[in-house]
Amino acid sequence: MPRPEHYLVGIDIGTSKVGVLIGHRDETGGVEVVGKGLAPHRGTRRGNVVNVEATVDALKQASEEAEVMAGVEISRAYVGVAGSDIRCVNSRGMVSVTRRDNEIGYSDIQRVLDAAQSVALPSDREILHAIAQEFLVDEQEGIAEPLGMLGGRLEVLVHLVTGQVARTKTLLTCVNRAGIEVVEMVFEPLATAEAVLTPDEKELGVLLLEVGAGTSEYSLFDGGAVQHSGVLPMGASHFTNDLAQVLRTPVAEAEAIKVRQGCCLASMVGDDEGISVQTVAGGPSRVVPKRDICAILQPRAEELLSLVRDDLGKCGWEEAPRGGLVLTGGGAQLEGLLELGEGIFNCTVRYGLPQGLGGLVDVIRSPIWCTASGLLLYGHAAEASQRQKASRGGFSVRNVVGSLKGMFADLL
Ligand SMILES: Nc1ncnc2c1ncn2[C@@H]1O[C@H](COP(=O)(O)OP(=O)(O)OP(=O)(O)O)[C@@H](O)[C@H]1O
Ligand SMILES: [Mg+2]
């Protein structure tokens, strides 16, 4: 009989698809993918659910497919959350160390983390994550684990990810209606980072950009911790819509052209290449030079990449990340995007594919599986950290220190 505690489930509710992965913890401490389910999805807009029924149906379809493949029933899952309502800010907390001998204990760490989260939020917003970037003890910077150190003043810098309560609750309701309990909602790029970035890249400085269908999310890591994140209400479907409008062709035809023959960098397109394009009215198809298609796609690609670069610049990250840019999400597959990114960010660019999992790795070797893969790895690490916490009687401070779990405990 399969034992449920040996399984982990990651659910990625995207604008174009719902992807479900079931992972099995193996004896070596790794995770093997044993089930995969994919269903088309039309229930969200800019990452937020707008049609509960459509989302529940897609969730049921994808999870049933994964269950059949894995031979286990899904009861609980880590669920990705993204969407144009997500905001990310950095915050700082400071407390005096309570013990007379000035040794920093768990309670001091918990208090300083609480202090960093006590920011004024509008009543409709909630903290999704509070991630410790670094601690300072009596102004000494760059401390990852202050427990047991001596000092009078403890400070922490945290990265706060906030979302709109109602939107997150709607997502939670959809998952529950599909018969699944949510273990934790995880901001998607943080999950994806677990599957596509190396610890060295995170230490050196790396930008992860996930180009989904409806939104694009990004997170900048430096010094081993996330420093900045954002969500753009623009993704791969905008490229398709641009093509459909300018070429006056059906959206499905525009999507096929983009995927099979689209390119967003003029210098990569030959002069003599042409593409056959159907007209909306069902009239005879015509041949459009590939250069003209590129002239539609390139401005959108430049806009998307420049918006990310400019946002990072505004937050003090003008320099290109030394570890480069990692592109993922289905939209990252657009021909020429990698090369365009090299020019705009002035750094090396690579594609991110899921790493670090065993089992059915061949079937998830695609940028569309990075988030669900990352959710499995995120869940695996979170549960290992909880076990460590239980055995030490404390908690691990390096990773995620606050999440939606508390809020959901009240709802479930
Ligand atoms: N070769 C390709 N070139 C360009 N775009 C592509 C290619 N292949 C797939 N895509 C796009 O990838 C998108 C799907 O990507 P993905 O699965 O990452 O999105 P999603 O998770 O459903 O959406 P979101 O993350 O925005 O909610 C589709 O919009 C599709 O047009
Ligand atoms: Mg996505």
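Student: Which residues of H6 meet which residues of H7?

Tutor: Contact means heavy atoms within 4.5 Å. In this predicted model, Ala236, Phe239, Thr240, Asn241, Leu243, Ala244 and Leu247 in H6 meet Val251, Ala254, Glu255, Ile257 and Lys258 in H7. By class, that contact has 8 nonpolar, 2 polar and 2 charged residues. Ala, Val, Leu, Ile, Met, Phe, Trp, Tyr, Cys and Pro count as nonpolar, Asp, Glu, Lys and Arg as charged, and the others, Gly among them, as polar.

Student: At what angle do H6 and H7 pack?

Tutor: Two packed helices are described by the angle between their axes and the distance between the axes. Axes are lines fitted to C-alpha atoms, for helices over the stretch in contact, and angles run from 0 to 180 degrees between N-to-C directions. Helix H6 (residues 236–247) and H7 pack at about 115°, with axes 8 Å apart.

Student: How do I read the sheet of 6 strands?

Tutor: Strands of a sheet pair through backbone hydrogen bonds, either parallel or antiparallel. Two strands pair if DSSP finds at least two bridges between them. Here the sheet is open, in the order S11-S6-S1-S2-S3-S19, with mixed pairing. Its edge strands are S11 (181–187) and S19 (358–359), each pairing on one side only. S2 (residues 17–25) and S3 (residues 31–40) are antiparallel over 9 bridges. Gly19 stands opposite Leu38 in S3.

Student: Which strands does helix H1 touch?

Tutor: Helix H1 (residues 52–70) touches S1 (7–13), S2 and S3, and its direction makes about 145° with that of S3. Helix H3 (residues 165–177) lies across S1, S6 (76–81) and S11, at about 140° to S11.

Student: How many salt bridges are there?

Tutor: A salt bridge is a side-chain nitrogen of Lys or Arg within 4 Å of a carboxyl oxygen of Asp or Glu. A search of the whole structure finds 17. One of them joins Asp271 to Arg291, with the closest N and O atoms 2.8 Å apart. Asp271 is in the loop between helix H7 (251–261) and strand S15 (274–277), and Arg291 is in helix H8 (residues 290–314), so the pair ties together parts 20 residues apart in sequence.

Student: Is Asp271 buried or exposed?

Tutor: Buried means under 20% relative accessible area, exposed over 50%, partly exposed in between (1.4 Å probe, protein chains only). Asp271 is exposed at 65%. Arg291 is partly exposed at 36%.

Student: Where does Glu273 lie?

Tutor: Glu273 lies in the loop between H7 and S15, and Lys290 in helix H8, so this pair ties together parts 17 residues apart in sequence. Their side chains meet in a salt bridge (3.5 Å, N to O). Glu273 is partly exposed at 32%, whereas Lys290 is buried at 11%.

Conventions: Residues are numbered from 1 along each chain as its sequence is written. Chains are lettered from A and ligands numbered from 1 in the order in which they are written. This is a predicted model: local features need pLDDT of at least 70, side-chain atom pairs count only at pLDDT 80 or more; totals for chains, interfaces and linings use all residues. Side-chain values use heavy atoms; hydrogens and water are left out. Helices (H or I, at least four residues) and strands (E, at least two) are DSSP runs, numbered from the N terminus.
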